[in-house]
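My plan is to go residue by residue and write down what I look up.

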Amino acid sequence: MKSNNDTPIVILNFKTYLESTGKSALKLANALQKVANETGINMMAAPQHMDIYPVANNVDIPVLTQHIDPIESGGHTGSVLLECAYSAGAQGSLINHSEKRMKLADIDYLVKRTADIGMFNVLCTNNIETSIAAASLNPDFIAVEPPELIGSGIPVSQAEPEVVERTVEEVKRINPQTKVLCGAGISTGDDMKAALELGSEGVLLASGIIMAQNPEKALIDLISKI
Ligand code: G3P
């Protein structure tokens with residue numbers, strides 16, 4: 001089995017599409033598992049919270065939660081507790097996704113708490129400057145995603161290559177252990193190839209695979225040029 005650190009990495013964020021919810025989440029996770037087994041590429045799934053348990057029980061690939069709330073156990077109705085995500089089978093967590101932004105102090109808290117409990121963290125950033133700030137928090141991964149390209153079908157690796165390249169450069173200068181991923185608009189083999197050529201160690205993506213007619217085929221295409 002792959003370690004969480006083997007690169008290149010493909011993390012599929014299931015977001016809240018119906019096409020990646022419930023039974024469809026299981027189907028998508030199985031497609032990731034199958035392509036990971038057949039190609040040896042490190043594939044990970046980030047389903048919605050209520051799908052973590054069934055997905056994690058059906059696949060061997062790492063499962064991430066899309067968000068955790070910066071709370072301790074106790075009276076926080078409706079919140080997502082780190083320990084709950086962990087016991088449901090999440091091995092890692094996205095933190096501060098552009099669609100779920102957080103305060104700096106809460107991000108810092110969650111980077112530390114995930115590490116304490118033995119989960120890996122993927123800290124999302126929106127540009128070079130926030131990536132520089134994020135690097136000082138010592139996350140396992142930084143995933144840079146220009147918000148305006150998210151869900152656009154226009155790949156960051158081709159539309160804003162300098163954002164990826166400079167994020168890698170700056171993050172590695174501050175914290176060489178932190179791995180850099182990029183995302184937004186990534187869907188094809190050319191997009192992924194360009195992302196890796198810019199120095200990123202993988203991609204965080206969603207709609208290009210989830211909304212594809214055949215997600216398994218789309219995943220194979222995604223990694224076909226690396
Ligand atoms: O977390 C992945 C993401 O925000 C990119 O979304 O749909 O542009 O691949 P998408």
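**Entry 1: Asn96**

I am working on a predicted model. I placed Asn96 in the loop between strand E4 (92-95) and helix H4 (104-117). Then I checked the backbone. Phi of Asn96 is positive, about 65°, and the residue is not a glycine.

I found Lys15 in the loop between E1 and H1. Is Lys15 buried or exposed? Lys15 is buried, at a relative accessible area of 12%.

Next I went through the peptide bonds. The bond from Thr7 to Pro8 is cis, with omega near 0°. Pro8 sits in the segment before strand E1 (9-13).

**Entry 2: the ligand site**

I listed the residues around the ligand. They are Asn13, Lys15, His97, Glu145, Ile150, Gly151, Ala184, Gly185, Leu204, Leu205, Ala206 and Ser207. Lys15, from the previous entry, is one of them. I sorted this shell by class: 5 nonpolar, 5 polar and 2 charged residues.

Which side chain has an N or O atom 2.8 Å from an oxygen atom of the ligand? I found that of His97. I then checked the backbone. A backbone N or O atom of Gly151 is 2.7 Å from a ligand oxygen. For Gly185, a backbone N or O atom lies 2.8 Å from a ligand oxygen. I also looked up the burial of the ligand. Alone, the ligand exposes 310 Å², and the protein buries 99% of that area.

**Entry 3: nonpolar cores**

I turned to the packing. The largest nonpolar core holds 59 residues. Val10, Met43 and Leu222 have the most contacts inside this core. Which helix gives the most to the core? Helix H1 (residues 23-39) does, with 7 residues.

Another core lies apart from that one, with 13 residues, including Met44, Leu94, Val122 and Leu204. I noted that Leu204 is also listed around the ligand.

Val10 touches Ile41, Asn42, Met43, Met44, Met192, Val203, Leu205, Leu222 and Ile223.

**Entry 4: Gln33**

I went back to helix H1, where Gln33 is found. Gln33 is buried, with a relative accessible area of 12%. What does the side chain of Gln33 reach? I found the backbone nitrogen of Ile61 at 3.3 Å. A polar atom of the Gln33 side chain also lies 2.5 Å from the backbone nitrogen of Asp60. Beyond four places in sequence, Gln33 touches Val59, Asp60 and Ile61.

**Entry 5: His67**

Last, I looked up His67. I placed His67 in the loop between strand E3 (64-65) and helix H3 (82-88). His67 has a relative accessible area of 9% and is buried. Its contacts, leaving aside neighbours within four places, are His49, Val80, Ser93, Leu94, Lys100 and Met102. Leu94 is among the members of the 13-residue core. I also took one C-alpha distance: His67 and Leu81 are 9.5 Å apart in space and 14 residues apart in sequence.

Notes
Residues are numbered from 1 along each chain as its sequence is written. This is a predicted model: local features need pLDDT of at least 70, side-chain atom pairs count only at pLDDT 80 or more; totals for chains, interfaces and linings use all residues. Side-chain values use heavy atoms; hydrogens and water are left out. A nonpolar core is a set of buried Ala, Val, Leu, Ile, Met, Phe, Trp, Tyr and Cys residues joined through side-chain atoms within 4.5 Å. Buried means under 20% relative accessible area, exposed over 50%, partly exposed in between (1.4 Å probe, protein chains only). Helices (H or I, at least four residues) and strands (E, at least two) are DSSP runs, numbered from the N terminus. Contact means heavy atoms within 4.5 Å. A residue is near a molecule or strand if one of its heavy atoms lies within 4 Å of it. A polar contact is a pair of N or O atoms within 3.5 Å; within protein, one must be able to donate a hydrogen and the other to accept it, and residues adjacent in sequence count only if both atoms are side-chain atoms. Accessible areas come from the Shrake-Rupley method with a 1.4 Å probe; for residues, only the protein chains shown count as cover. Ala, Val, Leu, Ile, Met, Phe, Trp, Tyr, Cys and Pro count as nonpolar, Asp, Glu, Lys and Arg as charged, and the others, Gly among them, as polar.
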